[in-house]
Structures are given as structure tokens and as C-alpha cells.
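Grab your viewer and work through them in order.

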Amino acid sequence: MNIHEYQAKQILKEYGVPVLDGYVASTTQEAVEAAKKLKSSVFVVKAQIHAGGRGKGGGVKIAKNFDEVYKYAKEILGMNLVTHQTGTKGKHVNLIYIESGAKIIKEFYFGITLDRFLEKPVIMASAEGGVEIEKLAEETPEKIFKLVIDPLFGLQEFQARNLAYKLGFNNNQVKQFVKFALAVYEAYMQKDANLVEINPLALIEDDKLIALDAKMSFDDNALYRNLDVAKMRDLSEEDSAEIEAAKYSLNYIKLSGNVGCMVNGAGLAMATMDIIKHKGGEPANFLDVGGGASPETVAKGMQIILEDKNVKALFINIFGGIVRCDRIANGIIEATQNINIDVPVIVRLDGTNAEEAAELLKKSGIKQLISAQDLNEGAEKAVEIVKKS
């Protein structure tokens, strides 16, 4: 689960991470009132969306007075903000964050995430933060320092201190950085975060380190332990199909391809997507119906996939173990009775009650169904159909 910048700063502030004062607003009037509360002569008006690159997309503006706060708030609120992380579709801006301005001396990058190969948290930091951090990582990765943390011991002061010296901080700044890094790491661990990213971590006037921006994402499976974080969820920022799928315990993620995929089991789902790519196609989604799929959930899964107008063929690949193939077949039949299926549906069913399922589908008389004997044949047929269309 992702949250907005202003929410991430609320969390980090609770752990002692220094941030500038700011207030969230949903109208131009609220934006002006927020600016009046701040003890600053310069204000930053920031679009609040779950994506980076807001500044380059026109979602961050510097206002020198209340009139400019109003002007920029009016421009940003309601805009469709397109960044390198939103794709061409962009995101609608419903909220803005009005923050005190600051004189920036130098920008740094600081982030914590999980290294899934090492199964340990890793801190990444660079003396060259800001909007070009992706370019820096691609062209000069040696400028990004990595520090792997043993979760049994946590981040130690000497580790943070060594990292601070690599970043070029002086003695006063080193003390601040150590305190900052320990606080961010504590928030990362206690809140079950997948990612905490401070970009930029800024050195401002009076020799102070401040988190000028903040991004946090969390492990959905651990939200029950952090109900305060769960309350921060903004459904307007999430894909409506993914929200609908979650209601039926379907694991669905929308992708940009045109071959719809409905599979049982995450491993088989990943293998199915891989072979579609291998055959020259592009998966339109990840959808795992799980081991306890019912005809109703199967029908709902098909409906969600087919509502994506990019889908030109649907590949249903089921290996019956816990879930019986005849259940899947009944779900397919039920779906055809309730929704309009206007694309070919390639079906590969194997395992428990596969013969019964094949008989059910044969008797259904559904014209769009195309049978496949195995994964390879199913993927080939799906990709071939899409290429012809």
C-alpha cells in the first residue's frame, strides 16, 4: 500500500525525522489558509499523488506570496498530472500540500528497501539527490552507496556514521545524519514498510538536514499490525479493477499488454506470463484465483479481465490441485451467461476433475472457447490470436 507525501511525513515526524511544517488542502481557499498558518515568506505547493516525478510534470510550484499560492493551487488541483511513473494516462490531483519554503544548500538521496535476494534491509544513499536520481543510478551507479543491515542487530550508529562520512558531511552534519538514519530505519521496521525514500534529503540554511520529500509503501499483509497506516489508504489513487478484485480475494494486478491471464497459484501465474513473453506476446494482467476458487470468483475474475479494453485474448491456465477443474469450468460457463465475451478464450485445464471440466465446456456450446492441451500450446494460441487481431 502506498501513501501520500504528507502522510509519510506525519509518520516520519513521529519518529523524530526533521521535516518542514505543512498542511494538506483540497481547495484553493484551504491552500491559502494553510499558507497563512506557516511562518514563512516562501511556500511550496505540491500535488499529492502516488507517483514520483511531480516536479518535472508541473506538480510542484514555488509561491512567493498568498496570491501565488492561490494561483498555483488552482492550476494543480484537478489537473491530470503525467510523470514518468504514472504513464501516459497520468493521475488526477485531488489534494495538494502547502509547505514552508527553505533555502537549499545541497541535496542528497536516502532510501531503505528490502533486498529480496539477501533477505535483508538495504540502505541506499547518494551525495547527489534530487529529480535526476534515476539518471544517476543508471549512468553512474558507483555514486550510490549501499549498506546492508542485519535485521537481528538493526542499523548501528557506527554504520550510519561511516555512511555519513562517505556522503561528505562535516562533524555537525554527521551527528544529524546518524540521528536521522536511525529514526528512518526505526520507522521502516516498526511500520512494516516495503520502502522509505527521502529524495531529497536537503542540507538547508543554518546547517540543518531536512527531509524535503518522503515516499513510503507498506506490506499489505502486515497492515493489521498498523491500523493507523491502513487508515491512510486512498482508494482514489488505486486501480478500480484491483480494488474490485480484492473484494473477491482475487490477486489481480493490471499490466500494459493485451493477453489476459487467469491462473491458479502465483508460481504458475508468473510462469504463464513468462511464456507469453517468450512467445512474443505481452501479458495484460496478473490474476491468481487462488486455491479455493469458486464458480463465482472465476466468473468475477473473467469479468474484471475482460473489462480491460486492451485485452484481445484471454488465456485461462488452471492446474487442478486444491481447486477442481470442474469448478473453473462452471465459473467460465457462468461468466458467459452474465457478461459479453467478445474475445477468444483459450482454456487449458489439467489435474483434478479435468475430464469432467472438459465435458462441461464441450456441452456448453460457447463459441469463443479454444482448448489447449498444455501451457506451451495455450500460450502459442493466445499470442497468435492477438497478433492476427
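Axes here are lines fitted to C-alpha atoms, for helices over the stretch in contact, with angles from 0 to 180 degrees between N-to-C directions. Helices (H or I, at least four residues) and strands (E, at least two) are DSSP runs, numbered from the N terminus. The model is predicted, so local features need pLDDT of at least 70, side-chain atom pairs count only at pLDDT 80 or more, and totals for chains, interfaces and linings use all residues. Residues are numbered from 1 along each chain as its sequence is written, and side-chain values use heavy atoms, leaving out hydrogens and water.

**Exercise 1.** Work out how the axes of H10 and H11 cross.

*Step 1.* H10 (residues 295-306) and H11 (residues 325-338) have axes that come within 7 Å and cross at roughly 50°.

*Step 2.* For contact, take heavy atoms within 4.5 Å. On the H10 side you get Pro 295, Glu 296, Val 298, Ala 299 and Met 302, and their partners in H11 include Arg 327, Ile 328 and Glu 334.

**Exercise 2.** Which residues of H12 are buried?

*Step 1.* In H12 (residues 354-364), Ala 354, Ala 357 and Leu 361 are buried.

*Step 2.* Down the axis of H12, these fall within an arc of 60°, so they line one face. The arc uses directions from the helix axis to the C-beta atoms.

*Step 3.* Among what covers them are H11, strand E17 (345-351) and strand E18 (369-371).

Key: Buried means under 20% relative accessible area, exposed over 50%, partly exposed in between (1.4 Å probe, protein chains only).
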